[in-house]
Amino acid sequence: MEASTEAARLPIRTNRWDRVRGYIGEYGLIAVLLVMPVFYGIQDLSDEGSLAPLGNNIVDGLSNGAIWALVALGYTLVYGIIELINFAHGEVFMIGSLVTAGFFGTLGLTVSTGVGGLILGLSLTLVLAMLASGALNVMIERVAYRPLRSAPKLAPLITAVGFSFILQNVGILWIGGSPEGIPDVIRAQRELFEIGGVSVSRGDVLAVAATIPLVLLLTTFIAQSRLGRAMRATAQDPEAARLMGINVDTTISVTFLLGGIMAGAAGLIYALYQTTIWYFQGFQAGLIAFTAAVMGGIGNLKGAVLGGFIIGIIQQISDNRTEILGPEWTNVVVFTYLVLIMVFRPSGLLGEETREAG
Amino acid sequence: MTKTAPALRRPGMKTDTRTLAVLGAALVVTLWMADQIEMDLFMAFVLWVLIAIRVVLHENRVALIGTLVALAIWAIVLPFFQDSGGGFIEDATQALALTVMALGLNIIVGFAGLLDLGYVAFYALGALTTGWFMSGFFAGAGGGEGFSLLVGEPASNLPGVHFNFLMVLLIAVVVTTIAGMLIGLPTLRLRGDYIAIVTLAFGEIVGRLVINGDTIHLFGEQLTNGRQGITPIDKIDLPFLEPFSGLELRPWYWVALALVGVTLFVNYRLRDSRLGRAWIALREDEVAAASMGVPLVKTKLLAYGTGAAFGGMAGVFLGSYLNTVNADQFQFSFSIFILAMVILGGLGSIEGVMLGAIVLSFINYNLIPDVFNDYPSKVGLDFDLSELSFGIFGFLLVIMMVLRPEGLIPERRRKIELTEGVGAGDTAFGGGETIQEVRA
């Protein structure tokens, strides 16, 4: 066994177990991911003669997945640059939702607000939620991670967990300990159109339509702007980046800012889509989004988005089925995928081997 | 190592005035705290005297051993000075049980350096073992008549499975050791934060299984009672320590104390053993340890297994003591609660972790709900402090890690490790590597 730990790093696989693991890693993940849709698809076909229920799950899953994708981007950005799991990221997303709900009240957005007012109000809220979450994320980095940058890895992870709890309690102080309903300003569940028995609601369209431009903006920013180049350089080699005149601290702050901004947007979409917020939403969202980031290959932006959509679909299927699985098993399903991926394919679907994966 | 050694040597008697001032302040705090948590003031004073002797004469070996023995005796006779029906003894027993858990987690996180965020899984398994083998949960056992082994009157006539406490303890230790190793297996190839996430996922999976266990049926019996919980649980049944009841808590206290004693003994022996040195080597530098012949797989699995066993032990005790095995006890926040004890006391430091566990459990079960709970409303704020207890622990984690990462009572080696990296120049990234470079 010890030999295999070391042998895995060499290109030549001599050990039989390693070869099996390699195959499982290569194709197993895709196969395992297909198990649930295929199983329930066959069941739908035999029970109802159409794939419409599965289709509905997939549509809902994609819109949920859009939210997880935005949160997962924050994980993957931060991990890519300082190899730290920002454990408090889920809570940053939660704060984004709370800011949204609070600002709804300030602006007086209700179910009866007209289209013009809605667009203006939502844009304002979006900007505010993004700024709040972004600033919060930068603050967390400054207080909890920067002083520990050269300490053993355990240390920043522990402060991250600590901050996650602090923010949850901020949430409790803000809206209390139980889930709170907020006005369904866009009437998210109203059906917009239907294709072959699969209904697409306003919320679904909004979630995907808001996510795609944000992701495109982010990727363009990272690929083309000066700061984006600095980020990539820092991710590759912080020492060399510093020597080349890049302000590493600023670059890391910008990374956290971008991650927070995405989480804030996700918070707004979540609040609009689910119309319920509570202090604990960030914990589950954080773990699901982290699973998404790992599934796509941590450090890889496209992977995070892909992983977000996949995990969204899986979660939705599990949430809506009563046979074998059900909403009470969703967490177990997601975590099982997380463990399987980490063990058999730590590099994810699109990622490179990371140092963590050894 | 040689570089930092002089800094660690205390200048001896020179700090006398400072030490005395601190001790004086400690006396006031100790007496005030003791008063708040309903502890006997005379016993609190004795505790302070023992600590003072130990601090002042810390270089004298005889005084050191003497105070340790005195401390043990102090802990044993403490219940005689207290009201036996609740209050302080109740919280103290809980604190001792949590100490066992914290010491177990300390083996995994403190000794071997594997951050385990799912420690609650072992508490759950231990408590479940109690639920299965010390209650009327399996109502069909023994043809509905019940099945019992080495237990006394009331339990032996009831339906369900009733084993002796010590046997259940043994079963739980075996079960959790195996579970710990199984959970450890997938993390073997991973390092750092990935281990934390995988263990966290396992903790959540076990927690979920307990919650949903009432829908899982094995051999015609459901796995758990879900959120309703398995209750009542048999009282501990041991000779010479009768009776165990909700009104007479002293025997519970002594059993918990004995468990702590066993845990301490095992911890000290392990730390100074070949295995303990292997853990420390692993923690400091995995690659170097492997190349020096430390068997990574065995060492890591043993760390998970031993750590988990103590979680199971404490789980069995708490299951019987709290008289219920309830799914809501096994949440992620509990893992963090135990982790906070280890961090507060000092990663890897046995004395520190013990102190951290006792302090934090008194803060959580006594000071926050009973003493400070209405302070916010006194200054005009509209919330109870008990809602925020985990925010307080989170805050504690951040503060400790940033300001005093080595904990209240640091372990010497760990302190060097943790402080060497911080402020070691501009080497900003990949902490682990930085330290290895400095070391090399």
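1. In this predicted model, Met101(B), Ala102(B), Leu105(B), Asn106(B), Val109(B) and Gly110(B) of helix α5(B) are in contact with Ile338(B), Leu339(B), Met341(B) and Val342(B) of helix α14(B). Sorted by class, the residues of this contact comprise eight nonpolar and two polar ones, with no charged residue. Helix α5 of chain B covers residues 88-111 and helix α14 of chain B covers residues 332-345. Their axes come within 9 Å and cross at roughly 75°. Since angles of 65 to 115 degrees count as roughly perpendicular, α5(B) and α14(B) are therefore described as roughly perpendicular to each other.

2. The overall form of chain B may be considered next. Its secondary structure amounts to 19 helices and five strands. For 440 residues, a compact globule would have a radius of gyration near 22 Å, and the 23 Å of chain B agrees with that expectation. Along the principal axes, the C-alpha atoms of chain B fill a box of roughly 70 × 55 × 50 Å. Buried residues account for 48% of the 440 residues in chain B. Of the contacts in chain B between residues at least 6 apart in sequence, 71% join residues at least 24 apart.

3. The contact between the chains draws on 50 residues from chain B and 46 residues from chain A. On the side of chain B that touches chain A, at least two residues each are supplied by α9 (193-212), α13 (296-322), α14, α17 (389-403), α18 (412-421) and α19 (431-439) of chain B. The most is given by α9(B), with eleven residues. By class, this side of chain B has 32 nonpolar, eleven polar and seven charged residues.

4. In chain A, strand β2 (residues 191-195) and strand β3 (residues 198-201) pair in the antiparallel sense, over four bridges. Glu191(A) has Ser201(A) in β3(A) as its bridge partner. The hairpin formed by β2(A) and β3(A) has two residues between the strands, and Gly196(A) takes a positive phi near 50° in this hairpin.

5. Two residues of chain A other than glycine deserve a check of their backbone angles. Glu83(A) is not a glycine, yet has a positive phi of about 50°. Glu83(A) is placed in the loop between α3 (52-82) and α4 (89-107) of chain A. A residue is buried if 20 or more other C-beta atoms lie within 10 Å of its own; Glu83(A), with 21 C-beta neighbours inside 10 Å, therefore counts as buried.

6. The second case is Thr275(A), a residue other than glycine whose phi is positive, near 55°. Thr275(A) is found in the loop between α10 (248-274) and β4 (276-277) of chain A. With 19 other C-beta atoms within 10 Å, Thr275(A) is partly exposed, whereas Glu83(A) is buried.

7. The bond from Thr231(B) to Pro232(B) is cis, with omega near 0°. Pro232(B) belongs to the loop between β5 (221-222) and α10 (250-271) of chain B.

Notes: Residues numbered from 1 in each chain as written. Chains lettered and ligands numbered in written order. Predicted model: local features only at pLDDT ≥ 70, side-chain atom pairs only at ≥ 80, totals over all residues. Axes fitted to C-alpha atoms, helices over the stretch in contact; angles between N-to-C directions. Parallel < 35°, antiparallel > 145°, perpendicular 65-115°, else oblique. Contact = placed C-beta atoms within 7 Å. Nonpolar A, V, L, I, M, F, W, Y, C, P; charged D, E, K, R; others polar. Pairing = 2+ DSSP bridges. Rg over C-alpha atoms; globule rule 2.2 N^0.38 Å. Buried ≥ 20, exposed ≤ 12 C-beta atoms within 10 Å, placed from the backbone.
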